[in-house]
Amino acid sequence: MFLAVHTAGGILISQYVKQPIGLFVVSFLSHYLIDIIPHGDEGIDRWIKKKPSRLLLVEAIDISLIIVFISLFLHNNPQANTMLLLVAVFGAVLPDFLAEGYYQITTRSAPFYRLFFFIRKSNLILAPLYQHKALHHRIHKTFNIEISTYAGLLLQLVFLVAFGILSM
Ligand SMILES: [Zn+2]
């Protein structure tokens, strides 16, 4: 799922949960709930694998959507508490960074492999990261249905717009 959709989910939650720790936990859990929905990432992943530089394009689109979403939200809610907003967004996107972190730490060809040499030695960090990555992957496969890339993109857009309408 695009990080923009998770971000939007977190921001929607921040409209209802105003206590920072509670907001972090609910936003964090919302990530897995949203990932359960089949969302067509498999096709995008294969498309990126054919030409790894495409990842930059996907990331650029994702970050642009996040910037537009947050800007629109702040425009419509100028009184919003930015600290709570950050907590919500951080919680909502963290699971993907944890999963990606495991990949970067353990994959020799990954761009940040060298950066994480100190973590690689610590099973205390690596073991839970591995467990998390496996859980995150299993959650994606809950329904084991692969929808087409276009259907997935459309579905993610619908979620993004719906979260936007509900939170603004
Ligand atoms: Zn995820």
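The model is predicted.

The protein chain contains eight helices and zero strands. Read from the N terminus, its elements follow the order α-α-α-α-α-α-α-α. The radius of gyration is 17 Å, close to the 15 Å that the globule rule gives for 168 residues, so the chain is as compact as a globular protein of that length. Along the principal axes, the C-alpha atoms fill a box of roughly 45 × 35 × 30 Å. Buried residues make up 24% of the 168 in the protein chain. Contacts between residues at least 6 apart in sequence were also examined. Of these, 79% join residues at least 24 apart.

Two helix pairs are described next. Two packed helices are described by the angle between their axes and the distance between the axes.

Helix 1 spans residues 3–14, and helix 2 spans residues 20–36. Their axes come within 9 Å and cross at roughly 140°. The crossing of helix 1 and helix 2 is right-handed. On the side of helix 1, the contact is made by Val 5, His 6, Gly 9, Gly 10, Ile 13 and Ser 14. Helix 2 contributes Leu 23, Val 26, Ser 27, Ser 30, His 31 and Ile 34. By class, the residues of this contact are five nonpolar, seven polar and no charged.

The other pair is helix 5 and helix 7. Helix 5 covers residues 82–106, and helix 7 covers residues 123–140. The two pack at an angle of about 120°, with their axes 9 Å apart. Angles of 65 to 115 degrees count as roughly perpendicular. Helix 5 and helix 7 are therefore oblique to each other. Their crossing is left-handed. In helix 5, the contact residues are Pro 95, Leu 98, Ala 99, Gly 101, Tyr 102 and Ile 105. They meet Leu 126, Leu 129, Tyr 130, His 132, Lys 133 and His 136 in helix 7. The residues of this contact divide into eight nonpolar, three polar and one charged.

In summary, helix 1 passes helix 2 in a right-handed crossing, whereas the crossing of helix 5 and helix 7 is left-handed. The contact of helix 1 with helix 2 has no charged residues, while that of helix 5 with helix 7 has one.

Methods: Residues numbered from 1 in each chain as written. Predicted model: local features only at pLDDT ≥ 70, side-chain atom pairs only at ≥ 80, totals over all residues. Axes fitted to C-alpha atoms, helices over the stretch in contact; angles between N-to-C directions. Helix = DSSP H or I, 4+ residues; strand = E, 2+ residues; numbered from the N terminus. Parallel < 35°, antiparallel > 145°, perpendicular 65-115°, else oblique. Left-handed = near helix turned anticlockwise from the far one by under 90°. Contact = placed C-beta atoms within 7 Å. Nonpolar A, V, L, I, M, F, W, Y, C, P; charged D, E, K, R; others polar. Rg over C-alpha atoms; globule rule 2.2 N^0.38 Å. Buried ≥ 20, exposed ≤ 12 C-beta atoms within 10 Å, placed from the backbone.
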